[in-house]
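Q: Hello! Could you show me how to read a few features here, giving the general idea and then the case at hand?

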Amino acid sequence: MNKTLYLTTPIYYINGSPHLGHAYTSIIADVIARAHRLFGKDVFFLTGTDEHGQKIVEAAQKSGSPLAHFIDARAQEFKEMNTLLNISNSNFIRTSSDLHKKVVTEIITSIYSNGDIYAGTYRGLYCVGCEAYYSKDDLIDGNRCPTHQQEVRELEEDTYFFKLGKYQDKLLEYYEKNPNFILPQTRFSEIYNRVKAGLDDLSITRTSFDWGVRFPFDHKHVLYVWVDALCNYISGLDGIKTSTFARFWPPDVQIIGKDISWFHTVIWPALLLSAGISLPKQVLIHGWWTVEGDKMSKTLGNVIDPFEMSREYGSDVFRFYLMYNAHMGSDSNFSLAELKQQNNAVLANNIGNLVSRVVTLLNQYCNGTIPMITEFDPEEKKFIEIIKDNKKYVDEISSYTIRNALFDVIEKFAELNKYITDRKPWDDFKHSNKSRGEKTLAMICESIRFLSLQLDPFIPIKAQEIRKSLGTMNINLDFDFKYSAGSKVLAEKRILFAKLE
Ligand code: MSP
């Protein structure tokens with residue numbers, strides 16, 4: 001296993017407040033980061049805000065605030081979302097920072113020195129929402145953006161081009177040598193075929209506004225916001241010639257939504273090839289959320305606010321719901337009724353009830369202390385082996401199929417429920433078979449402690465509360481009775497997961 005793991009989220013546009021989409025990408029990244037820290041890796045987890053470009057200027061103008069004030073306030077909201085959702089990022093990069101601008105200038109200088117930038121004029125149809133040009137064929141009715149539905153603008157500008165076409169063969173070679181570069185696999189052939197069909201050179205500077213990084217070779221131009229933004233993955237490591245960069249580059253996994261896969265799997269690797277920097281290992285592409293069946297949009301008034309969700313249901317319930325339904329690669333539908341139903345069935349019934357049942361039994365029959373047991377019969381040993389086997393969980397996390405990892409832990413909790421129901425320790429205590437009852441509780445308690453660690457990446461606060469209920473804060477990843485035996489469980493009954501109506 002590698003000792004380090006570098007993972008990134010996209011940097012978020014700050015023209016609007018954080019919403020479900022941003023929260024989703026960040027939570028996926030956070031689960032992966034936390035799980036790998038648990039496995040002992042040295043993790044660097046980068047996120048941040050994308051603050052340049054036309055749409056930010058327009059949003060600031062609309063808000064009536066001065067630009068500097070607007071971007072600071074909005075970046076702060078994204079930081080607050082991270083705090084509220086317990087996102088454990090290592091750094092938060094803002095593209096308006098001096099460090100970022102310096103790093104972008106360095107990278108673009110390497111690309112220029114390599115002869116990959118030339119002057120020209122560009123005429124095309126531009127969507128400000130995407131900050132990208134479209135060909136007529138890709139538009140709805142020839143004039144509306146497929147992502148934002150809004151009308152594109154016809155622009156004609158003097159510009160500098162990046163020789164993207166020059167990198168077609170090298171990109172194809174990289175994809176062929178790294179068939180897992182684009183995950184899930186279903187997205188791979190889509191990109192591969194588009195690159196194979198041919199690549200136009202890319203317009204990488206703008207002159208019609210100046211909110212961006214100056215193009216160092218012609219100060220009338222600012223860099224195209226996407227080129228600027230992609231470089232965050234390097235400035236977020238403090239730049240190229242730094243010890244952080246040496247330790248973590250290249251990214252092990254870059255997590256993105258399906259709408260921005262072209263930028264991350266084609267343009268970004270081509271820029272890096274030109275700058276002589278090694279390429280990211282994997283790009284993990286997730287689908288989009290609709291809300292109660294509709295596209296999430298301000299116009300429909302159905303935007304899901306992560307702040308409200310966390311206040312209303314708790315950040316762990318929100319995290320759990322998104323991860324429980326995170327079909328990587330395909331779209332998911334957000335439904336409040338489903339969130340409540342899954343909270344009740346999985347968190348409250350399957351996990352919460354088990355913990356409180358065990359705590360009650362221990363208080364009733366074992367002086368509130370988890371018994372120390374050393375001898376087990378073959379049937380019991382067999383059960384312990386099933387719970388102990390976390391290979392599937394580790395494999396699922398390592399291949400970023402995190403939903404399956406969550407399902408695996410939940411299934412184990414279901415096994416525990418079944419075991420306690422079948423063994424009926426309460427009958428043993430009542431009918432003077434104390435040692436059998438104690439064995440059951442000892443097994444269940446160590447199993448809960450062990451499985452709670454696998455829940456940590458998904459529901460970090462609640463997983464810790466589960467251990468608190470059992471009186472054992474031990475976070476050793478091995479299954480061993482010494483980690484829970486002798487612990488004093490909570491004397492009072494505590495509701496870990498409230499049922500939602
Ligand atoms: N600023 C660019 C990224 C630059 S990275 C060098 C950007 N920002 S964004 O704020 O528009 O989107 C950020 C992420 O949120 C993307 O991964 C996008 O897919 C995700 N989502 C936005 N809306 C979404 C949903 N409705 N559902 C799921 N994710 C969505 O693009």
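Q: Which polar side-chain atoms lie by an oxygen atom of the ligand, and how do I read such a pair?
A: A polar contact is a pair of N or O atoms within 3.5 Å; within protein, one must be able to donate a hydrogen and the other to accept it, and residues adjacent in sequence count only if both atoms are side-chain atoms. Here a polar side-chain atom of Trp288 is 3.1 Å from a ligand oxygen atom, and one of Asp259 is 2.6 Å from a ligand oxygen atom. The backbone takes part as well: an N or O atom of Trp289 sits 2.9 Å from a nitrogen atom of the ligand.

Q: How much of the ligand does the protein cover?
A: Accessible areas come from the Shrake-Rupley method with a 1.4 Å probe, and for residues only the protein chains shown count as cover. On its own the ligand has 670 Å² of accessible area, and the protein covers 94% of that.

Q: Before we go on, what kind of model is this?
A: It is a predicted model: local features need pLDDT of at least 70, side-chain atom pairs count only at pLDDT 80 or more, and totals for chains, interfaces and linings use all residues. Residues are numbered from 1 along each chain as its sequence is written, and side-chain values use heavy atoms, with hydrogens and water left out.

Q: Which residues come nearest to the ligand?
A: A residue is near a molecule or strand if one of its heavy atoms lies within 4 Å of it. There are 25 residues around the ligand, and Ile11, Asp50, Gly257, Asp259 and Trp289 come nearest. By class, the shell has 14 nonpolar, nine polar and two charged residues. Ala, Val, Leu, Ile, Met, Phe, Trp, Tyr, Cys and Pro count as nonpolar, Asp, Glu, Lys and Arg as charged, and the others, Gly among them, as polar.

Q: How do the axes of α12 and α13 cross?
A: Axes are lines fitted to C-alpha atoms, for helices over the stretch in contact, with angles from 0 to 180 degrees between N-to-C directions. Helices (H or I, at least four residues) and strands (E, at least two) are DSSP runs, numbered from the N terminus. The axes of α12 (residues 315-324) and α13 (residues 336-365) come within 10 Å and cross at roughly 95 degrees. So α12 is roughly perpendicular to α13; angles of 65 to 115 degrees count as such, under 35 as roughly parallel, over 145 as roughly antiparallel and the rest as oblique.
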